[in-house]
Amino acid sequence: MSAYRTILVGTDGSDSSFRAVDRAAQLAAATGATLLLATAYTPMPERERLSAADQLGDLAYKVQGSTPADDALRAARERAVAQGATDIDQAAVEGDAVDVISRLARDREADLVVVGNRGLNSLAGRLLGSVPANLSHRSPVDVLIVHTTDGK
């Protein structure tokens, strides 16, 4: 088995996903792999965006386009650097998380996808499918599901 050269980790900015970023960054640091931080986003509907912009005033840019996703990636990058990762890339892509991560894994020739286990034990996850469960079936490469929640 060859070493992982590119490790893709999905994050949505949640504490749970940041624990997966930490683990992926540790692995990238230990192996010298490139770490690709990825997030999928859906733009806020226009009506909601305008309402939020009215309330936020000068900070309205924070709810436009990919800005929330970019903020999550910025925070994830800081965590990855703190864990010792040095070769870090990032991608914020509009779309469904499973579709985006699977496509990025293929397009960026990732060897490993890392995600947290959030959603695996929830009722919604069991009924509708969760990102980690769906990725484990659809990813074109190995998937590491990091234990990031207490299972509740």
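Which residue of S2 does Thr6 stand opposite? Thr6 faces Thr34, and the views below start from there.

**A note on the model.** This model is predicted; local features need pLDDT of at least 70, side-chain atom pairs count only at pLDDT 80 or more, and totals for chains, interfaces and linings use all residues. Residues are numbered from 1 along each chain as its sequence is written, and side-chain values use heavy atoms, with hydrogens and water left out.

**View 1. The whole protein chain, from one end to the other.** Let's begin with the overall picture: the protein chain holds six helices and five strands. Helices (H or I, at least four residues) and strands (E, at least two) are DSSP runs, numbered from the N terminus. Of the 152 residues, 39% are buried; buried means under 20% relative accessible area, exposed means over 50%, and partly exposed lies in between (1.4 Å probe, protein chains only). Among contacts between residues at least 6 apart in sequence, 72% join residues at least 24 apart, where a contact means heavy atoms within 4.5 Å.

**View 2. The open sheet of five strands.** Reading across the sheet, the order is S3-S2-S1-S4-S5, with parallel pairing. At the edges are strand S3 (88-94) and S5, each of which pairs on one side only. From one strand to the next, the twist averages 25 degrees. Two strands pair if DSSP finds at least two bridges between them. Strands of a sheet pair through backbone hydrogen bonds, either parallel or antiparallel.

**View 3. Strand pairs, one by one.** S1 and S2 are parallel and share five bridges, and this is where Thr6 stands opposite Thr34 in S2. To get from S1 to S2, the chain passes through H1 in a right-handed β-α-β crossover. Right-handed means that, with the strands pointing away from the viewer, the path from the first strand over the helix to the second runs clockwise. S2 and S3 also run parallel, joined by seven bridges, and Ala40 stands opposite Val93 in S3. S4 and S5 pair in the parallel sense over five bridges; there, Gly116 has Val146 of S5 as its bridge partner. Why is S2 described as largely enclosed? Six of its eight residues are buried, so the rest of the structure largely encloses S2.

**View 4. Helix H1 and what surrounds it.** H1 covers residues 15-31, and its 17 residues reach 25 Å from first C-alpha to last, close to the 24 Å expected at 1.5 Å a residue. The expected span is 1.5 Å times one less than the number of residues in the helix. Among the buried residues of H1 are Phe18, Val21, Ala25 and Ala28. The buried residues of H1 pack against strand S1 (6-10), strand S2 (34-41), helix H3 (67-82), strand S4 (112-116) and strand S5 (142-146). An α-helix has 3.6 residues a turn, so residues three or four places apart point the same way.

View 5. Just after H1 comes Gly32, with a positive phi of about 75 degrees. Gly32 sits in the loop between H1 and S2 and counts as exposed because its relative accessibility is 61%. Arg5 is 27 residues away from Gly32 along the chain, yet their C-alpha atoms are separated by 7.4 Å.

View 6. H3 has 16 residues and reaches 23 Å from its first C-alpha to its last, close to the 22 Å expected. The buried residues of H3 include Thr67, Leu73 and Ala80, and their cover includes H1, S2 and S3. H3 lies across S2 and S3, running at about 160 degrees to S3. Helix H4 (residues 97-107) packs on the sheet as well, touching S1, S2, S3 and S4, and its direction makes about 135 degrees with that of S3. Axes are lines fitted to C-alpha atoms, for helices over the stretch in contact, and angles run from 0 to 180 degrees between N-to-C directions.

**View 7. Glu109 in its loop.** Glu109 lies in the loop between H4 and S4. Phi of Glu109 is near 55 degrees, a positive value in a residue other than glycine. Most residues other than glycine have a negative phi. Glu109 counts as exposed, at 60% relative accessibility.
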